[in-house]
Amino acid sequence: MAGQSWKPLDITAQDIGAAATTEALINHLDALGAELDDLLVREKALVFRGFGVRPEELDGVFDRLLPRRLAYVNGNSPRTKVGSNLYTSTEYPSEFTISMHNEMSYATSWPSRLAFYCQIAAETGGATPLVDAALWLESLDPEVREAFADGVRYTQNLHGGQGLGKSWQDTFETADRAAVDDYLSTAGAEWTWRRDGSLHVEQPRPSTTRHPVTGTEVWFNQSDQWHPAALGDDTAKALAQILPPEELPQYVTFADGSTIPDEYVIQVRDRGLENAVDVDWRAGDVMVFDNLLVAHGRRSFTGSRRVLVAMTD
């Protein structure tokens with residue numbers, strides 16, 4: 001399927017007539033000021049290449065790109081916190097591709113933009129694919145779009161310290177049950193604390209949303225990543241065969257609780273990847289993108305790869 005006419009905007013030191021240094025990049029971002037917001041809405045994703053940003057210089061760059069850096073509260077993917085609301089990208093076996101998704105689209109609040117930094121580029125592979133989320137929606141068969149029109153319902157089973165998947169303590173970055181209750185109440189979720197210390201959460205969410213500036217309708221849910229049919233590794237597939245779906249660490253249905261057909265989520269997953277544009281990494285590269293206009297993933301890779309991520313509201 002065609003659709004790769006869009007691509008992120010690469011910005012190099014030569015493009016802006018500056019030295020290939022982190023200081024020059026920071027000065028450029030300072031000069032852009034509020035124009036950065038307009039540029040990002042227009043281009044959807046920006047990749048700053050060749051400035052040689054080092055890890056100890058990253059805060060200065062991210063402070064310009066992400067005015068209010070967020071904690072990864074209610075995040076569902078495994079990450080390690082390595083700085084001030086700075087995290088590793090999803091820690092998932094290198095042999096697997098991570099399918100397309102808008103960060104935390106399953107939640108009632110989500111980051112408006114994300115920034116990635118490549119500290120170590122993979123030996124082979126490891127690109128970050130990006131897809132225009134409006135194109136992703138348009139690429140789906142009318143039958144699939146109609147089926148999702150009333151939204152989806154996400155289910156999480158979060159253990160209390162031992163078990164499958166993430167604990168509720170890691171998910172909400174707190175060991176305070178009252179703080180979790182407050183968060184879930186504000187989010188409009190339905191939840192139950194179980195006798196074994198685990199937490200069961202259900203939350204209905206729309207399958208699409210509209211960008212607050214452009215008004216563009218975009219595909220905005222993680223149904224394929226929460227559905228057993230689209231699980232990408234053997235362990236996850238085996239787990240889905242052993243446990244009832246509603247007891248998996250995470251699961252998704254249509255909003256009314258009815259089952260989403262396997263072929264629907266496979267189509268969602270595959271169309272996103274088919275229409276994606278790969279951003280290949282070199283050490284020192286920085287990328288920022290609009291989390292509603294663009295979905296992202298990760299290609300499989302060999303060798304070491306370290307990409308750090310932060311986000312803002």
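Arg153 is buried, with a relative accessible area of 17%, and in this predicted model its side chain meets that of Glu190 in a salt bridge with an N to O distance of 3.3 Å. Because Arg153 lies in strand S9 and Glu190 in strand S10, the pair ties together parts that are 37 residues apart in sequence. Glu190, for its part, is partly exposed at 43% relative accessible area, and it stands opposite Glu202 in strand S11.

Strand S11 pairs with both of these strands. Seven bridges join S9 (residues 152-158) to S11 in an antiparallel arrangement, with Asn157 and His200 as bridge partners, while S10 (residues 190-193) pairs with S11, also antiparallel, over four bridges. S10 and S11 form a hairpin with five residues between them, and Gly197 in the turn has a positive phi of about 90°. Five of the seven residues of S11 (residues 199-205) are buried, so this strand is largely enclosed by the rest of the structure.

The salt bridges of the model number 17, and the table lists three of them.

| Pair | N to O distance |
|---|---|
| Asp285 and Arg49 | 2.6 Å |
| Arg271 and Asp141 | 3.2 Å |
| Arg153 and Glu190 | 3.3 Å |

Asp285 lies in the loop between strands S15 and S16 and Arg49 in strand S2, so their contact ties together parts that are 236 residues apart in sequence. Asp285 is buried at 1% relative accessible area, and Arg49 counts as buried at 10%; together with Asp10, these two residues are linked in a network of salt bridges.

In the pair of Arg271 and Asp141, Arg271 is buried at 16% relative accessible area, whereas Asp141 is partly exposed at 33%.

Conventions
Residues numbered from 1 in each chain as written. Predicted model: local features only at pLDDT ≥ 70, side-chain atom pairs only at ≥ 80, totals over all residues. Heavy atoms only, no water. Buried < 20%, exposed > 50% of the residue type's maximum accessible area, 1.4 Å probe, protein only. Helix = DSSP H or I, 4+ residues; strand = E, 2+ residues; numbered from the N terminus. Pairing = 2+ DSSP bridges. Salt bridge = Lys/Arg side-chain N within 4 Å of Asp/Glu carboxyl O.
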